[in-house]
Amino acid sequence: MLFPHEYLLSYIGGLLTAIWFYPPFGTTYPENTAFFFALAALTFILGAIINTPDSARSSLLVLISGCLASLSFISKQNVGLLILPLYFLLITAAYLPDLRRMRNNYAIFSFGFILL
């Protein structure tokens, strides 16, 4: 977001995040997994809002985000419930003037959440 034309910096940041996300000795913790899926879900929602605000691709990204949010909830329930309102607040903030699109994105996200 800070350097849109510097892809190398974003790739290095993603690589460092992937390395630091799990402990070095290989034991996966449910909290780390849940926060990883929650971060991925937020990324997909932001991608739907920023890149393709009104298309079928946007709906697919919101659906995938709902599936990832469900995986976050399945991984660790308290983390999934903690972040669940954030998804709906983000959709509300993005589509506030257009209530129909906001309602449609709520439905698509909820369907993706229930799908898994």
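How many aromatic pairs does a search of the whole structure find?

## Aromatic pairs

The search of the whole structure, which is a predicted model, finds five aromatic pairs. One of them is formed by Phe 73 and Phe 113. The arrangement of these two rings is tilted, with 50 degrees between the planes and 6.1 Å from centre to centre. This pair links distant parts of the chain, since Phe 73 lies in helix α3 and Phe 113 lies in helix α5 (residues 99-115), 40 residues apart.

## Confidence of the model

For the protein chain, the mean pLDDT is 83, and 87% of the residues reach 70 or more. Confidence is highest in α3, at a mean of 91, and lowest in helix α1 (residues 7-21), at a mean of 72.

## Helices α2 and α3

Helix α2 comprises residues 30-50 and helix α3 comprises residues 56-75. Their axes come within 8 Å and cross at roughly 165 degrees. Angles over 145 degrees count as roughly antiparallel, and α2 and α3 are therefore roughly antiparallel to each other. The crossing of these two helices is left-handed.

Residues of α2 that meet α3 include Pro 30, Thr 33, Phe 37, Phe 44, Ile 45 and Ala 48. On the side of α3, the residues include Ser 58, Leu 61, Val 62, Ile 64, Leu 68 and Ser 75. By class, the residues of the contact of α2 with α3 are 15 nonpolar, six polar and no charged.

## Helices α3 and α4

Helix α3 also packs with helix α4 (residues 77-94): their axes come within 6 Å and cross at roughly 150 degrees. This angle makes α3 roughly antiparallel to α4. From α3, the contact is made by Ala 69, Ser 72, Phe 73, Ile 74 and Ser 75. From α4, the contributing residues are Gln 77, Val 79, Gly 80, Leu 81 and Tyr 87. The contact of α3 with α4 has six nonpolar, four polar and no charged residues.

## Helices α2 and α4

The axes of α2 and α4 are 11 Å apart, and the two helices pack at an angle of about 5 degrees. That makes α2 roughly parallel to α4.

In α2, the residues that meet α4 are Ala 34, Phe 35, Ala 38, Ala 41, Leu 42, Ile 45, Leu 46 and Ile 49. Their partners in α4 are Val 79, Ile 83, Leu 86, Tyr 87, Leu 90, Ile 91 and Ala 94. The residues of this contact divide into 15 nonpolar, no polar and no charged.

Notes:
Residues are numbered from 1 along each chain as its sequence is written. This is a predicted model: local features need pLDDT of at least 70, side-chain atom pairs count only at pLDDT 80 or more; totals for chains, interfaces and linings use all residues. Side-chain values use heavy atoms; hydrogens and water are left out. Axes are lines fitted to C-alpha atoms, for helices over the stretch in contact, and angles run from 0 to 180 degrees between N-to-C directions. Helices (H or I, at least four residues) and strands (E, at least two) are DSSP runs, numbered from the N terminus. Angles under 35 degrees count as roughly parallel, over 145 as roughly antiparallel, 65 to 115 as roughly perpendicular and the rest as oblique. A crossing is left-handed if the near helix is turned anticlockwise from the far one by less than a right angle, and right-handed if clockwise. Contact means heavy atoms within 4.5 Å. Ala, Val, Leu, Ile, Met, Phe, Trp, Tyr, Cys and Pro count as nonpolar, Asp, Glu, Lys and Arg as charged, and the others, Gly among them, as polar. pLDDT is the predictor's confidence in each residue, from 0 to 100. Rings of Phe, Tyr and Trp (its six-membered ring) pair if their centres lie within 6.5 Å; planes under 30 degrees apart count as stacked, over 60 as edge-to-face and the rest as tilted.
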